[in-house]
Amino acid sequence: MSETEKPGSGPASPETPETGGMARRDFLNEITFGALGVAGLGSAVVTYQYMSPNVLFEPPTRFRAGNPDLYPVNSVTFLQDQQVYIVRTPAGFYAVSAVCTHLGCITQWKPEDHLIECPCHGSKFKNDGAKVAGPAPRPLPHFSIALTADGELVVDKLETIRAEQVLKV
Amino acid sequence: MASAATFLEQLRQNRVWKSIFRRGPALTNRTRSLAVFGNLFLHFLPVKVREKSLRARATYYLGSFSFLLFLVLVISGVLLMFYYHPAVPQAYRDMKDLRFVVSSGVFLRNLHRLAAHLMVIAVFAHMFHVFYRGGYKPPHEFNWAVGVVLLLVTLFLSYTGYLLPWDQLAFWAITVGTNIVSSMPVIGNRIRFLLLGGNLVGENALLRFYVLHCVVLPLVAVMLVGIHFWRVQKDGGLTVKEDRERKE
C-alpha cells in the first residue's frame, strides 16, 4: 500500500460518498449489524420454541373417580393423586379443588371441624369451597363432574363450574 | 445512513452506557488501548498486533476456530441440559425426545455432536500447525504445554459426552475405553473403579461422566483457554514466519 494516500484525500476514497449517497463503511456496517440482528432475532424465536416442551409427562387433568356408590352421602373424600375432594351431599355430587387459592399448598379435610384447612397459612374453607378464614383470596374452585356411559364419575380439572352446579345421581 | 451513526453517538452519551464502558469513542491510540484494558473479555487480546500475524496463513485461524466451536458447544450443550436427565433409562428416552419431539431438538443435538467432532479436528490441526511453525520453542514452551493439556481436555470432553446418549454405541465405547484405562499397571483397576463409580458401566458411571462432561471439564477448559490466550501476548505474540519476500 502507498503511504502518501490518506483516507478522504483522493476522489475515489471509500470514506467519502461522491454524490450524497452512503459511505461504503456505513453501508457495510448496516448490512452486517442488520444481518446479525435478523439472525439474533431468529435464534431467540427458535430458542423460545425449543424451551417450550411439546410433550408433557404430567398426570392427565381428566380422570375417573370410580362408582358413585363408593362415596356415602354427607362425605368428603380426598383423592391424593388428583388433589381433588369428591363431596357428596343429599343434593348430589361436586368436585372441589384441594389446592389452596392463596399460594398453592394442598389443603386437608378436618372432619372434626367440618372444614377444609390449609396447613401453610391457615386458610379455612367450607366443604363447598367457600372461604371461612385466612389469607386465601378466592373460594376453592369446583371442577366439572359428570357420569360416564358405564356409570362412573369423571372429573375434568381444566373445566371449572359454578359452585351451585351439583351432579344428581 | 447517518442515522445509525448518530444513534451510536447518542448511545455513547447515555449514562448507563458510560457507567458500563466508562470511555468515550476510541479515537486516539490511548483511548483505544484503554478500551481493551478496561474490558474483561477484550483484555485477553493484545492492544497492538503485527500485520503479519493477522494474515490468514499466519494461523489459518485454527485456534480461533477451535474457540468458536467451543462457544457453540457450550451454548448448545447448556440448551440440551434443559431436557436431559442423567439417569437410567431416562437418559436414552430424553435423547430420543430431543430427536423426535422437542422443537429444534434434533438441530441442537446434531449441532452439538458435529461441532464436537469438528473441534477435535480443529484442535489437532491447530496443534500440527503450531508444531510445524516452531510454536513450541522458547519463549512459548509453557503455552505449548497448556495447549497439549487443552488437547487432552478436548478429547476427554468428547469421550465423556459419548456415554450420555446411553445407547449401545455409548455403552460399549465406555466399556472398551475404561478397560483400556484398567490396563495401566498397578493403579489401572483403581482408576477404572473411580471413573465408573463401580465395576460396571451403570447408573453411577452415567452420573459421573455427566458431571465431568458438564461441569468439571468445561471449567478446566475455560480456565486453561484463558491462560492460553493471555500467554500468547505475554510471550510476545504469535510465532510468525520471517518475511522472505523482502530479501528477494
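How many Å separate the centres of domain 1 of chain B and domain 2 of chain B, taken over C-alpha atoms? After that, please go through helix α5 (residues 62-81) of chain B.

Author: The centres are 37 Å apart, taken over C-alpha atoms. Domain 1 of chain B covers 2-43 and domain 2 covers 55-234; these bounds come from an automatic or database domain assignment. This is a predicted model, in which local features need pLDDT of at least 70, side-chain atom pairs count only at pLDDT 80 or more, and totals for chains, interfaces and linings use all residues. Residues are numbered from 1 along each chain as its sequence is written, while chains are lettered from A and ligands numbered from 1 in the order in which they are written.

Now the helix. Helices (H or I, at least four residues) and strands (E, at least two) are DSSP runs, numbered from the N terminus. Helix α5 of chain B has 20 residues, 62-81. The expected span is 1.5 Å times one less than the number of residues. That gives 28 Å, and the end C-alpha atoms of α5 are 28 Å apart, so the two agree.

Which residues of α5(B) are buried? They are Gly63(B), Ser66(B), Leu69(B), Phe70(B), Leu73(B), Ser76(B), Gly77(B), Leu79(B) and Leu80(B). Buried means 20 or more other C-beta atoms within 10 Å of a residue's own; exposed means 12 or fewer, and partly exposed lies in between, with C-beta atoms placed from the backbone. An α-helix has 3.6 residues a turn, so residues three or four places apart point the same way.

These buried residues pack against α4 (56-59), α6 (90-100), α7 (105-133) and α11 (203-234) of chain B, and also against α1 (24-51) of chain A. Contact here means C-beta atoms, placed from the backbone, within 7 Å.

Tyr61(B) sits in the loop between α4 and α5. Its phi is positive, about 55°, although it is not a glycine. Tyr61(B) is partly exposed because 13 other C-beta atoms lie within 10 Å. The peptide bond from Val88(B) to Pro89(B) is cis, with omega near -5°.

Last, the partner chain. Chain A has one helix and 10 strands. The contact between the chains takes 11 residues from chain B and 11 from chain A. On the side of chain B, α1 (2-13) and α7 each supply at least two residues.

Notes. Two residues are in contact if their C-beta atoms, placed from the backbone, lie within 7 Å.
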